[in-house]
Amino acid sequence: MGGICSSGGSGVKPNIEEEENEAEELTVGSYFGESTLIKGVPQPRTVRALGRTSLLVLSSEVLQRLCGEDVLKNASVNTPAESSEPKANIVDDDQIRRPANQKKRGSISAGSIEVKKDWVAPVYEHTPEENQRLNEYFAKTTLLSKLDGQRKDTLIGAFQKKEFANGVEIITQGAEGDFYYILDVGSADVFVSKDGAPAQKVLDYGPGGAFGELALMVTEKRQATVRATSECVCWALDRETFHRVMVVGGRQETVERDKLLGKVPSLSGLSGFDRFNLSESLETREFKDGQNIVEAGSTVRELFIVRQGRCEAFKP
């Protein structure tokens with residue numbers, strides 16, 4: 001079993017497999033379920049909430065849907081041969097085991113764009129119905145859902161409408177990032193080319209699908225191509241406004257999730273595009289004091305990351 005908590009914990013704690021009769025406390029930033037997620041290994045211990053606890057959850061179904069059917073097989077290369085889960089301490093990013101030919105991806109940051117001191121957010125005219133749809137899209141998008149009222153209103157007003165014909169590339173892999181998009185009408189497919197191989201479809205978007213933020217948040221070019229598969233209408237947010245408004249708020253939630261996933265050895269070799277999509281697709285689950293999160297012997301293929309609160313792992 002493996003696990004992560006988002007903050008807290010100092011010093012490396014003993015391997016729980018070596019002290020089977022002792023309960024192990026897991027705080028923010030600890031993770032558990034890694035071996036079960038990747039290899040289907042039964043959970044070695046029961047994990048129980050100590051007080052109100054919030055966890056981020058990644059299922060094998062979501063992992064395969066977003067990263068491809070071979071991801072579990074490839075990820076198992078980086079999964080420790082012997083389970084040492086849960087993990088109560090996060091190692092430094094530079095200590096994460098990666099394949100010898102795996103480059104460390106650019107980190108999510110504000111980037112190098114220069115924002116003018118006299119900058120004023122653009123405002124585009126929207127109908128009440130369009131504003132309502134944008135509000136609904138914001139609520140469903142991790143990057144945008146945590147914004148305060150003022151930043152949210154600023155961003156909604158700054159989204160401009162763009163139309164794309166069937167077959168047109170809305171964004172192109174390898175290009176510089178210029179806009180963040182939310183699909184409003186139509187459908188689009190996502191293609192990724194790895195190591196020069198022909199691009200493969202990895203995902204599709206319908207209304208509410210958001211994309212293009214990764215190239216605006218990291219010092220990298222576009223990681224994928226998004227091609228319209230029908231007549232499309234998108235909401236587009238320019239790079240400068242994105243940086244000015246997203247320097248805090250909802251962006252921080254996505255940054256934290258991305259970092260937590262990067263601490264899991266079996267996921268550290270994923271591309272920036274794949275891990276970013278996973279960070280936005282993590283499910284949040286709440287547990288009450290004394291409630292079991294997982295039970296020893298469970299083979300439900302899920303990875304848990306402690307987001308708030310604490311829990312304990314023990315042999316029943």
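## The lining of the largest cavity

Three elements, β10 (210-211), α7 (214-217) and α10, each supply at least two residues of the lining of the largest cavity. This is a predicted model, so let us treat the picture below as a picture of that model. Among the contributors, α10 gives the most to this lining, with 3 residues.

How many residues line the largest cavity, and which of them lie nearest its centre? The lining has 15 residues, and I171, G212, E213, L214 and F273 are the ones nearest the centre.

## Helix α10 and its partner α2

Helix α10 turns up again in a helix pair. Helix α2 (residues 60-67) packs with helix α10 (residues 272-281) at an angle of about 140°, and the two axes are 10 Å apart. Because angles over 145 degrees are needed for roughly antiparallel, this angle makes α2 oblique to α10. The crossing in which α2 passes α10 is right-handed.

Which residues meet in this pair? On the α2 side they are V62, L63, L66 and C67, and on the α10 side D274, N277, L278 and S281. The contact residues of α2 and α10 divide into 5 nonpolar, 2 polar and 1 charged.

## Helix α6 and its two partners

Now turn to helix α6, which we can follow through two pairs. Helix α6 (residues 149-158) packs with helix α8 (residues 239-246) at an angle of about 175°, with their axes 11 Å apart. The two helices are therefore roughly antiparallel to each other. From α6, the residues R151, T154, L155 and A158 make the contact, together with T241, R244, V245 and M246 from α8. Sorted by type, the residues of this contact are 4 nonpolar, 2 polar and 2 charged.

The other pair joins α6 with helix α4 (residues 128-140). Their axes come within 11 Å and cross at roughly 125°, which makes α4 oblique to α6. This crossing of α4 and α6 is right-handed. Here N131, L134, N135 and F138 of α4 meet K152, L155 and I156 of α6. The contact of α4 with α6 divides into 4 nonpolar residues, 2 polar and 1 charged. Notice L155 of α6: this residue is listed in the contact with α8 and also in the contact with α4.

Where does S298 sit? Its place is in the loop between β14 (292-294) and β15 (302-314). Along the chain, S298 and P42 are 256 residues apart, yet their C-alpha atoms are separated by 5.3 Å.

P42 is also one of the residues that S298 touches. Leaving out residues up to four places away in sequence, S298 touches T36, V41, P42 and Q43.

Notes:
Residues are numbered from 1 along each chain as its sequence is written. This is a predicted model: local features need pLDDT of at least 70, side-chain atom pairs count only at pLDDT 80 or more; totals for chains, interfaces and linings use all residues. Side-chain values use heavy atoms; hydrogens and water are left out. Axes are lines fitted to C-alpha atoms, for helices over the stretch in contact, and angles run from 0 to 180 degrees between N-to-C directions. Helices (H or I, at least four residues) and strands (E, at least two) are DSSP runs, numbered from the N terminus. Angles under 35 degrees count as roughly parallel, over 145 as roughly antiparallel, 65 to 115 as roughly perpendicular and the rest as oblique. A crossing is left-handed if the near helix is turned anticlockwise from the far one by less than a right angle, and right-handed if clockwise. Contact means heavy atoms within 4.5 Å. Ala, Val, Leu, Ile, Met, Phe, Trp, Tyr, Cys and Pro count as nonpolar, Asp, Glu, Lys and Arg as charged, and the others, Gly among them, as polar. On a 1 Å grid over the protein atoms alone, a cavity is a set of points where a 1.4 Å probe fits but cannot get out, and a pocket is an open set with protein on both sides within 12 Å along at least five of seven lines; lining residues have an atom within 4 Å of a point.
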